[in-house]
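Student: I've got a model open and I'd like to talk through some of its strands, salt bridges and backbone angles. Can we take it step by step?

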Amino acid sequence: MLEFEYRGGDAVMIAGKKVKLFVDPGSAGANIKAADLKDAVELLTKSNNAVTDLEVRLTVDGPGEYEVSNFTILGIGSMGSHIEGEIARNVSTLYRVEHLGITMAVVGNITSKLVDEQLEALSYVDILVMSADDNSSEALARYMSMIKDIEPKLVIPIESHSRGDSSVFEYLVKELSISEENAIRQPKLKLKAATSVPQVLTICSLEKH
């Protein structure tokens, strides 16, 4: 079983059968307690999104191959947004995650379209978990391109502080012609098995925990 839950900021909990992954648990606005992270794995799209005062089982940070419990993780490098003088701390990592037959792409804040090497690693996953903090026209075009290139069955946009009046979720639902049945807003998302993954493109907005 897989369970997805938004934890504030850019943080998302992905709970598997035996272990929990926390994506960017130290990001600004994240609401995660010490008890949550005990024996958990932090999965960092950027190094400065790590927790600094709590103990975790394992930190996954940067390109490479990782295995923990029933999770297989591939990290792929990508230049994300950065601040001059802090470039090394803000290089973004994309991840392909597999768990009991379900495949996921985890994409943090990036400012350019994915290149061929990244698409080759991430394409045709079941689920795309992507940071969607920006609803500028450039960012929206980038999100659309990512979804069309990767071709997931389920998209989970993480909107911690989108700018403007309308959400990225609403934009994607409209532009991708998602039916009401496949446009979901709920606090948690649970998938019992690989057969539980939607067969029609579905957008799920996780409400804050």
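Student: Let's start with strand 10, helix 3 and strand 11: what unit do they make, and of which hand?

Tutor: Quick note before that: this is a predicted model, so local features need pLDDT of at least 70 and side-chain atom pairs count only at pLDDT 80 or more, while totals for chains, interfaces and linings use all residues. Residues are numbered from 1 along each chain as its sequence is written, and side-chain values use heavy atoms, with hydrogens and water left out. Helices (H or I, at least four residues) and strands (E, at least two) are DSSP runs, numbered from the N terminus. A crossover is right-handed if, with the strands pointing away from the viewer, the path from the first strand over the helix to the second runs clockwise. Strand 10, helix 3 (residues 137-150) and strand 11 make a right-handed β-α-β unit.

Student: In what sense does strand 11 pair with strand 10, and over how many bridges?

Tutor: Two strands pair if DSSP finds at least two bridges between them. I127 sits opposite L154 of strand 11. Strand 10 (residues 127-131) runs with strand 11 in the parallel sense, over five bridges.

Student: And which residue of strand 14 stands opposite V155?

Tutor: Strand 11 also pairs with strand 14 (residues 202-206), in the parallel sense over two bridges. There, the residue opposite V155 is I203.

Student: How many residues of strand 11 are buried?

Tutor: Buried means under 20% relative accessible area, exposed over 50%, and partly exposed in between (1.4 Å probe, protein chains only). L154, I156 and I158 on one side are buried, and so are V155 and P157 on the other. For strand 11 (residues 154-158), that makes five of five.

Student: How far apart in the chain are E3 and K188?

Tutor: The closest N and O atoms of their salt bridge are 3.7 Å apart. E3 is in strand 1 (residues 2-6) and K188 in strand 13 (residues 188-191), putting them 185 residues apart.

Student: Is E170, the salt-bridge partner of R185, in a helix or a strand?

Tutor: The side chains of R185 and E170 meet at 3.3 Å, N to O. R185 lies in strand 12 (residues 183-186), so the pair ties together parts 15 residues apart in sequence, with E170 in helix 4 (residues 168-175).

Student: How many salt bridges does the count come to?

Tutor: Salt bridges that share partners also join E5, R7 and D36 into one network. The count comes to six.

Student: Last one: D24 has a positive phi, so is D24 buried or exposed?

Tutor: Most residues other than glycine have a negative phi. Phi of D24 is near 50 degrees, and D24 sits in the loop between strand 3 (20-23) and helix 1 (34-37). With a relative accessibility of 3%, D24 counts as buried.

Technical notes. Salt bridge = Lys/Arg side-chain N within 4 Å of Asp/Glu carboxyl O.
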